Amino acid sequence: MMWVAGRCRATRRAERPVSVKGIRLTAPTWRATCTAAEHSAVAVPSESLRRNVGVVFQEDSCLPWRTVRANIALGLRKSKIDKAEQDDRIARVLDLMNLTEFAGHYPAQLSGGMRQRVCIARTLVMQPRLI
């Protein structure tokens with residue numbers, strides 16, 4: 001399957017279209033189609049787009065049996081990034097989210113806002129192009 005990126009419009013569907021930087025995507029299928037031949041478009045493999053999109057849910061989704069550091073590192077576990085780079089990314093995101101001193105704490109020991117920052121950090125550590 002290929003994704004079309006460029007000046008495109010979503011096909012008419014029951015779902016509400018989402019617009020991101022001139023690309024209109026239809027949720028939940030997230031497909032875009034060009035409606036006119038004069039629009040410039042680039043085909044992008046769907047796997048590439050899927051890896052570059054991060055999702056943060058409104059309700060925190062921290063795993064209660066993992067520390068803050070382990071929750072943030074969850075997405076990096078299956079990546080092909082070496083351990084030193086993973087540790088560096090985690091340290092930078094912990095600092096960015098002001099969670100460095102809470103790296104060893106469990107989600108039950110954090111406030112709701114701090115748990116949400118852990119979830120945001122878990123997404124940011126993957127360095128997605130779109131959140």
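Reader: Why is the pairing of Glu-85 with Arg-92 called a salt bridge?

Author: In this predicted model, the closest N and O atoms of Glu-85 and Arg-92 are 3.7 Å apart. The cut-off is 4 Å between a side-chain nitrogen of Lys or Arg and a carboxyl oxygen of Asp or Glu.

Reader: What makes Arg-92 count as partly exposed?

Author: Its relative accessibility is 44%. Buried means under 20% and exposed means over 50%, so a value in between is called partly exposed. Glu-85 is partly exposed as well, with a relative accessible area of 29%.

Reader: Which other residue forms a salt bridge with Glu-85, and how do you know?

Author: Arg-89 does, with its closest N and O atoms 3.4 Å from those of Glu-85. That is again within the 4 Å cut-off. Arg-89 and Glu-85 are four residues apart in helix α3, so about one helical turn separates them. Arg-89 counts as buried at 12% relative accessibility, because buried means under 20%.

Reader: Which residues are linked in a network of salt bridges?

Author: The linked residues are Glu-85, Asp-88, Arg-89 and Arg-92.

Reader: What ties together parts that are 55 residues apart in sequence?

Author: The side chains of Asp-60 and Arg-115 do this, meeting in a salt bridge at 3.3 Å, N to O. Asp-60 lies in the loop between α1 and α2, while Arg-115 belongs to helix α4, so the pair joins parts 55 residues apart in sequence. Asp-60 has a relative accessible area of 26%, and Arg-115 has 22%. Both values lie between 20% and 50%, so each residue is called partly exposed.

Reader: Back to α3, then. How do you know that its buried residues line one face of the helix?

Author: The buried residues of α3 are Gln-86, Arg-89, Ile-90, Val-93 and Leu-94. Seen down the helix axis, they fall within an arc of 130 degrees, so they line one face. The face turned away from this buried side carries the exposed residues Ala-84, Asp-95 and Leu-96. What covers the buried residues includes α2 and α4.

Reader: What makes Gln-86 count as buried, and which residues does it touch?

Author: Its relative accessibility is 12%, and because the limit for buried is under 20%, Gln-86 qualifies. Leaving out residues up to four places away in sequence, Gln-86 touches Leu-76, Ser-79 and Ile-81.

Reader: How does the span of α3 compare with what is expected?

Author: α3 has 14 residues and reaches 20 Å from its first C-alpha to its last, which is close to the 20 Å expected at 1.5 Å a residue. After α3 comes Asn-98, whose phi is positive, near 55 degrees.

Reader: Which residues have the most contacts inside the largest nonpolar core?

Author: They are Val-68, Ile-72, Ile-90, Leu-94, Leu-99, Val-118 and Val-125, in a core of 17 residues. α2, α3 and α4 each supply at least two of the core's residues, and the largest share, four residues, comes from α4.

Reader: What does Val-68 touch?

Author: Not counting residues up to four places away in sequence, Val-68 touches Leu-94, Phe-102, Ala-103, His-105, Leu-110 and Val-118. The word "touches" applies here because contact means heavy atoms within 4.5 Å.

Methods:
Residues numbered from 1 in each chain as written. Predicted model: local features only at pLDDT ≥ 70, side-chain atom pairs only at ≥ 80, totals over all residues. Heavy atoms only, no water. Buried < 20%, exposed > 50% of the residue type's maximum accessible area, 1.4 Å probe, protein only. Core = buried A, V, L, I, M, F, W, Y, C linked by side-chain atoms within 4.5 Å. Expected span 1.5 Å × (residues − 1). Arc of directions from axis to C-beta.
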